[in-house]
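Visitor: I'd like to learn how to read a few features in a structure. Could you walk me through one?

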Amino acid sequence: YLLSTDAFSSPVSKSDVEMGSLLFGIPIFTYKELEEATCNFDASKELGDGGFGTVYHGKLQDGREVAVKRLYEHNYRIVEQFMTEIKILTHLQHPNLVSLHGCTSRRSRELLLVYEYVPNGTVADHLHGENSKEAPLPWSVRMNIAVETAAALAYLHKNDVIHRDVKTNNILLDNNFSVKVADFGLSRLFPSDVTHISTAPQGTPGYVDPVYHQCYQLTDKSDVYSFGVVLMELISSLPAVDITRHRHEINLANLAFDRIQKSALDELIDPNLGYGSDPQVRNMTTAVAELGFQCLQLETETRPSMDEVLTFLK
């Protein structure tokens, strides 16, 4: 994969720095340590799973609570994703990016990544999962999630990194509902002197930029498109994909585009947010809907940058 010559060193190779108990400056854990921390990867410790691995809650011997990602396979592609995630998270620190505490050796029997434990679940869960039934997120919290996620993505883009899998399942929340953007396995390190990378589309249905999907051209505006879908989830409380919806509206992006073009925001915005009763909420949700509409434009040049998105949201 490609690396920026400014912020990162040369591509990962077999001669990578893995000396003693450090890899790129972070601790290397033994498989046994992490097996014990997760009670032998007990199913009751599962926090979630994705396309490339399962995440477990664990407790280290020093008492620290952690999240341990156990990658499914040990082939070249998985090793590449493992190394990409380590390289990004050791070079970049931001209050709204999840922190990496360590990993196993690349030669370990299994590839494991150890992150800070973020205890309050995902934004997806709070919008349309189990947590949404107990206490729906108020508008002020949703706005803060939008601002902090935009800040994290703007920071990544400034450092020539494209996340490539922005979605509400990858936006974690702490106990104060502050954002921690996670899951950098698909991310690409982007050379500053090119306009796009040609690469086979990867990501999550419902969030993938159609231009990237059709033309294999990845740019930072691909993340902007995905963030537009996140904004639509925040104002509607609807999932990005729902096969029970009308076939033209299975993707939330299509549904939102249609309602905004028809000036039918009352059919898009979650009525529980106070859209019909609170003029301030009405104005703010309308403005966020319009911003999301700009992010979802098919022409990549007409989409705002994440810096512009962040400025608008603030």
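This is a predicted model: local features need pLDDT of at least 70, side-chain atom pairs count only at pLDDT 80 or more; totals for chains, interfaces and linings use all residues.

Visitor: Let's start with the annotation. Where does UniProt place the feature "binding site"?

Guide: The unreviewed UniProt entry puts it at K69. That residue sits in strand β6 (residues 65-71).

Visitor: Is K69 buried or exposed?

Guide: Buried means under 20% relative accessible area. K69 comes in at 9%, so it counts as buried. Beyond its sequence neighbours up to four places away, K69 touches T54, V55, E85, L111, L112, L113, Y115 and D183.

Visitor: On to the cores. Which residues have the most contacts inside the largest nonpolar core?

Guide: Those are F227, L268 and L313, in a core of 75 residues. Helix α5 (residues 139-158) supplies the largest share, 12 residues. Domain 1 (22-116) and domain 2 (121-313) both contribute, so the core lies between them.

Visitor: What is L268 in contact with, leaving aside neighbours within four places in sequence?

Guide: Its partners are M232, I235, S236, L252, L255, A256, R259 and I260. There's also a second, separate core of 11 residues, F29, F41, V66 and L112 among them.

Visitor: And how do I read a helix pair?

Guide: Two packed helices are described by the angle between their axes and the distance between those axes. Here, helix α9 (residues 279-295) and helix α10 (residues 306-313) pack at about 175°, with axes 11 Å apart. Angles over 145 degrees count as roughly antiparallel, and α9 and α10 are therefore roughly antiparallel to each other.

Visitor: Which residues meet there?

Guide: From α9, A287, V288, L291 and C295 meet V309, F312 and L313 of α10.

Definitions and conventions:
Residues are numbered from 1 along each chain as its sequence is written. Side-chain values use heavy atoms; hydrogens and water are left out. UniProt positions are given in the numbering used here, feature names are shortened, and annotations may be inferred rather than shown by experiment. Helices (H or I, at least four residues) and strands (E, at least two) are DSSP runs, numbered from the N terminus. Buried means under 20% relative accessible area, exposed over 50%, partly exposed in between (1.4 Å probe, protein chains only). Contact means heavy atoms within 4.5 Å. A nonpolar core is a set of buried Ala, Val, Leu, Ile, Met, Phe, Trp, Tyr and Cys residues joined through side-chain atoms within 4.5 Å. Domain bounds come from an automatic or database domain assignment. Axes are lines fitted to C-alpha atoms, for helices over the stretch in contact, and angles run from 0 to 180 degrees between N-to-C directions. Angles under 35 degrees count as roughly parallel, over 145 as roughly antiparallel, 65 to 115 as roughly perpendicular and the rest as oblique.
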